[in-house]
Amino acid sequence: VRDADPPEDEGELAIEGALRPTSLADFVGQHKVRGQLQLLLDAARIQQRSPDHILLSGPPGLGKTTLAMIVAHESERPLRLSSGPAIQHAGDLAALLSSLTPGEVLFIDEVHRMARSAEEMLYLAMEDFRIDIMVGKGAGATSIPLDLAPFTLVGATTRSGLLPNPLRDRFGFTAHLEYYEPEELERVVERSSAMLGVPLPPLARAEIARRSRGTPRIANRLLRRVRDYLVVHGELDADLDAVGAALTLYDVDSIGLDRLDRAVLDALVRRFRGGPVGLSTLAVAVGEEAETIESVVEPYLVRIGFMGRTPRGRIATPAAAAHLGVHADDGALR
Ligand code: ADP
């Protein structure tokens with residue numbers, strides 16, 4: 001499954017890393033989650049123990065990895081990064097867990113995509129800091145218990161609904177990250193543009209924020225494209241025209257929808273006449289994996305009122321048709 005906005009290359013990845021806030025105080029928005037995390041970390045510090053396991057859910061690019069890094073940084077613990085797809089067998093997880101140093105923070109991205117056998121091993125590890133390793137096969141197989149150093153698991157998922165209940169229940173704290181408000185994204189852009197040395201007037205910052213799909217990663221990425229545009233065109237200051245021109249070049253429309261968002265809306269409105277249509281049919285129509293549509297495209301389109309979910313399938317709203325320039329009396333949206 002591809003991410004909505006994978007950093008384009010190593011250089012971009014490095015920039016994305018450099019723009020990450022390292023403390024809760026620097027982390028923009030998500031007011032409630034920040035307060036809850038602060039309390040959790042403070043309590044652990046006072047009691048001199050590892051913070052409870054933390055589950056973060058929400059669409060890509062909203063700050064889950066960043067928060068995991070902040071948890072490690074603020075609690076002054078080392079951080080280990082892994083991901084569900086990298087854990088294909090219980091043995092992979094056993095090797096990972098047994099190599100942790102005491103108190104280490106273990107981040108597992110896409111934790112819902114871990115192998116089932118590993119999931120079961122993780123239950124015991126999270127609860128008792130212990131795993132059972134199976135040795136041998138068949139009738140002679142025995143399990144050897146192995147004690148682990150205490151650790152804090154930070155799990156991230158775009159789809160908390162896909163996590164089995166026993167796993168979800170073992171997290172002491174669960175937070176859902178919401179899309180950001182335009183004013184919050186403006187602060188992200190302001191902070192990043194200062195760090196990248198790109199001077200932007202407030203109107204230009206607001207324009208980038210407005211077109212960022214509620215997502216800090218996208219705000220940072222659009223800012224870099226605007227910077228490229230300014231460099232190439234030899235302009236010192238960004239004005240609204242430059243921002244608009246740069247973003248249009250990259251297929252970002254006036255409200256921030258990208259090519260895939262528009263392809264999905266277009267299929268829903270024109271081809272399926274507003275729906276309802278099943279997720280898999282919709283995915284085939286736009287040539288994309290159903291999981292990408294469901295975890296990346298749909299949440300934002302639902303949030304801005306362009307798409308709806310009904311028991312019979314996905315539907316487009318009149319607002320979506322209007323955005324595409326299709327009128328209800330053209331036969332779409334029966
Ligand atoms: P996720 O793990 O949810 O996909 P990341 O934590 O990798 O998202 O965040 C993507 C980028 O967005 C990072 O470069 C980070 O700097 C930026 N970012 C995310 N959330 C915030 C925030 N609240 N404040 C400032 N920057 C943020």
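This is a predicted model: local features need pLDDT of at least 70, side-chain atom pairs count only at pLDDT 80 or more; totals for chains, interfaces and linings use all residues.
The protein chain contains 14 helices and 9 strands. Its C-alpha atoms fill a box of roughly 70 × 50 × 35 Å along the principal axes. The chain has 334 residues, and 38% of them are buried. Among contacts with a separation of 6 or more, 69% join residues 24 or more positions apart.

The largest nonpolar core holds 39 residues. Within this core, Ile208, Ala219, Leu268 and Ala316 touch the most other members. Two or more residues each come from α7 (182-196), α8 (202-210), α9, α10 (240-249), α11 (259-271), α13 (290-303) and α14 (318-324). The greatest contribution is that of α9, with 6 residues. Alanine 219 illustrates the packing. Beyond its neighbours within four places in sequence, Ala219 is in contact with Leu185, Val188, Val189, Ile208, Ala209 and Ser212. A second core is separate and has 35 residues. Leu37, Ala68, Ile87 and Leu153 are among its members.

Helix α4 spans residues 90-98. Its buried residues are Ala90, Leu93, Ala94 and Leu97. Viewed down the axis of α4, these residues fall within an arc of 105°, so they line one face of the helix. Such a pattern follows from helix geometry. An α-helix has 3.6 residues a turn, so residues three or four places apart point the same way. The buried residues of α4 pack against α5 (116-128) and β4 (130-135).

The ligand is surrounded by 20 residues. The closest are Gly63, Lys64, Thr65, Thr66 and Pro216. Helices α3 (64-74) and α9 (216-232) each supply at least two residues of this shell. By class, the shell comprises 9 nonpolar, 7 polar and 4 charged residues.

An unreviewed UniProt entry places the feature "binding site" at Leu19, Arg20, Gly61, Lys64, Thr65, Thr66, Glu127, Asp128, Phe129, Arg170, Tyr180 and Arg217. These positions spread over 199 residues of sequence. They are also spread in space, with up to 36.6 Å between C-alpha atoms. Two of the positions were examined individually. Glycine 61 lies in the loop between β1 (54-57) and α3. Gly61 counts as buried because it has 27 C-beta neighbours inside 10 Å, where the threshold is 20 or more. Lysine 64 lies in helix α3. Lys64 is also buried, with 25 C-beta neighbours inside 10 Å. Not counting residues up to four places away in sequence, Lys64 touches Leu56, Gly58, Ala156 and Leu177. Lys64 is also one of the closest residues to the ligand.

The unreviewed entry in UniProt also places a "binding site" feature at Arg309 and Arg314. Arginine 309 sits in strand β8 (residues 307-310). Arg309 is partly exposed, with 14 other C-beta atoms within 10 Å. Arginine 314 belongs to strand β9 (residues 313-316). Arg314 is buried, with 25 other C-beta atoms within 10 Å. With sequence neighbours within four places again left aside, Arg314 is in contact with Leu268, Gly275, Pro276, Val277, Leu279, Leu282, Met307 and Arg309. One of these partners, Leu268, is among the residues that touch the most other members of the largest core.

Ser143 is exposed, with 11 other C-beta atoms within 10 Å; the cut-off for exposure is 12 or fewer. Apart from neighbours within four places in sequence, Ser143 is in contact with Asp132, Ile133 and Met134. Ser143 and Ile133 are 10 residues apart along the chain, yet their C-alpha atoms are separated by 5.2 Å.

Definitions and conventions:
Residues are numbered from 1 along each chain as its sequence is written. Helices (H or I, at least four residues) and strands (E, at least two) are DSSP runs, numbered from the N terminus. The arc is that of the directions from the helix axis to the C-beta atoms. Two residues are in contact if their C-beta atoms, placed from the backbone, lie within 7 Å. UniProt positions are given in the numbering used here, feature names are shortened, and annotations may be inferred rather than shown by experiment. A residue is near a molecule or strand if its C-beta atom, placed from the backbone, lies within 6 Å of it. Ala, Val, Leu, Ile, Met, Phe, Trp, Tyr, Cys and Pro count as nonpolar, Asp, Glu, Lys and Arg as charged, and the others, Gly among them, as polar. A nonpolar core is a set of buried Ala, Val, Leu, Ile, Met, Phe, Trp, Tyr and Cys residues joined through C-beta atoms within 7 Å.
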